[in-house]
Amino acid sequence: MGVAVITGASSGIGRATARMMADKGWKVYDLSRSDKPQEGVAHIACDVTNRDTIESAIKQIADKEGHIDVLVLCAGMGVAGSIEFTKEEEMQRQFDVNVYGPIRVVQAALPLMRSQEKQGKERGRIVFVSSMAAVFSIPFQAMYSATKSALNAFAFGLKNELKAYDITVSCVMPGNVNTGFGAARRTDLAGSDVYPNMKGAIEQMEQEENNGMTSEKVAKKVVKACTKRCPSLFYTSDIVSDLECLGNRLLPTWLANKVVGKMYNC
């Protein structure tokens with residue numbers, strides 16, 4: 001076992017992942033803004049939108065442990081509403097947390113991870129928690145979907161960049177998950193008169209989340225990406241997500257888009 005650093009481990013998938021990793025004997029650090037204690041999990045105050053707090057957190061871990069074996073990027077947030085009426089600050093906040101946040105943490109951790117000694121055949125692992133929304137963008141949650149697509153593309157490129165340093169990269173793409181994420185989502189129904197189907201589409205999405213899988217089920221896939229001998233680049237979380245990925249490969253784009261639109265009353 002080794003040292004696992006997890007952003008956003010104070011709630012949801014991140015918290016469940018931290019619990020499972022700690023139970024397996026890992027030394028786990030939770031990098032998040034909220035300190036919600038878990039046995040065997042050390043909290044360090046960190047805001048992924050603030051580079052100073054990130055670098056301070058990574059330095060504390062480097063000084064104490066000397067290495068990071070697994071880095072899990074789980075911190076995220078959501079914005080729901082029409083593209084036309086989404087405020088500039090909400091767009092920027094969405095990308096700042098979900099895209100630039102993980103990139104900042106990776107940038108801060110890589111100097112240590114590149115220089116540390118190998119454990120077996122590798123120096124470390126980086127695991128992003130993405131979303132199936134990266135595969136099929138959700139109407140009236142297009143900003144969130146775009147951030148997850150960006151995260152997948154970033155991981156795809158990063159994997160090749162780090163190959164020479166024996167650092168592996170994976171992305172876990174959960175489908176609908178019943179966590180507190182939906183309750184924390186910033187929903188703006190401005191423009192409902194222009195887009196009368198918006199409210200119903202968002203309610204449909206929320207209903208699917210409420211009936212979704214548990215954080216623990218997704219965390220098992222994250223832990224698999226952290227511990228499997230030869231990890232894949234992309235992981236789904238359930239059979240439904242597997243079928244959706246298959247459909248994305250097989251269906252013509254126009255038909256896939258039409259199916260998603262029907263799902264959300266568009």
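Predicted model: local features only at pLDDT ≥ 70, side-chain atom pairs only at ≥ 80, totals over all residues.
Q: Why is isoleucine 126 called buried?
A: The cut-off for buried is under 20% relative accessible area. Isoleucine 126 comes in at 1% relative accessibility, so it counts as buried. You'll find this residue in strand E6.

Q: Which residues does isoleucine 126 touch, once neighbours within four places in sequence are left aside?
A: Contact here means heavy atoms within 4.5 Å. On that basis isoleucine 126 is in contact with Leu71, Leu73, Val106, Leu110, Met113, Leu158, Leu162, Ile167, Thr168, Val169 and Ser170. Take Met113 from that list: its C-alpha atom is 9.8 Å from that of isoleucine 126, and the two residues are 13 apart along the chain.

Q: What makes a set of residues a nonpolar core, and which members of the largest one touch the most others?
A: The members have to be buried nonpolar residues joined through side-chain atoms within 4.5 Å. The largest such core has 33 residues, and Leu31, Ile68, Leu71, Ile126 and Phe128 touch the most other members. Two or more residues each come from strands E1, E2, E4, E6 and E7 and from helices H2, H3 and H4. H3 gives the most, with eight residues. There's also a second, separate core of 27 residues, with Met21, Trp26, Val222 and Cys226 among its members. As background, nonpolar side chains tend to be buried together in soluble globular proteins.

Q: How do you know that the length of H1 agrees with its number of residues?
A: H1 covers residues 12–23, and at 1.5 Å a residue its twelve residues should span 16 Å; the end C-alpha atoms are 17 Å apart, so the two agree. The buried residues of H1 are Ile13, Gly14, Ala16, Thr17, Ala18, Met20, Met21 and Ala22. They pack against E1, E2, E3, E6 and H7. After H1 comes glycine 25, with a positive phi near 100°.

Q: And what makes the span of H4 agree with expectation?
A: Run the check again. The 20 residues of H4 should span 28 Å at 1.5 Å a residue, and its end C-alpha atoms are 29 Å apart, which agrees. Among the buried residues of H4 are Tyr144, Lys148, Leu151, Asn152 and Leu158.

Q: Is phenylalanine 140 buried or exposed, and why?
A: Buried is under 20%, and phenylalanine 140 has 11% relative accessibility, so it counts as buried. This residue sits in the loop between E6 and H4.

Q: Why is aspartate 166 called partly exposed?
A: Partly exposed is the range between the 20% cut-off for buried and the 50% cut-off for exposed. Aspartate 166 has 26% relative accessibility, so it counts as partly exposed. It lies in the loop between H4 and E7, and its phi is positive too, near 60°, in a residue other than glycine.

Q: How do H2 and H3 pack, and what is the handedness of their crossing?
A: Packed helices are described by the angle and the distance between their axes. For H2 and H3 the angle is about 35° and the axes are 10 Å apart, with a right-handed crossing. H2 brings Arg51, Ile54, Glu55, Ile58 and Ala62 to the contact, while the residues from H3 include Gly101, Arg104, Val105 and Leu112. By type, the contact has seven nonpolar, two polar and three charged residues.

Notes:
Residues numbered from 1 in each chain as written. Heavy atoms only, no water. Buried < 20%, exposed > 50% of the residue type's maximum accessible area, 1.4 Å probe, protein only. Helix = DSSP H or I, 4+ residues; strand = E, 2+ residues; numbered from the N terminus. Axes fitted to C-alpha atoms, helices over the stretch in contact; angles between N-to-C directions. Left-handed = near helix turned anticlockwise from the far one by under 90°. Nonpolar A, V, L, I, M, F, W, Y, C, P; charged D, E, K, R; others polar. Expected span 1.5 Å × (residues − 1).
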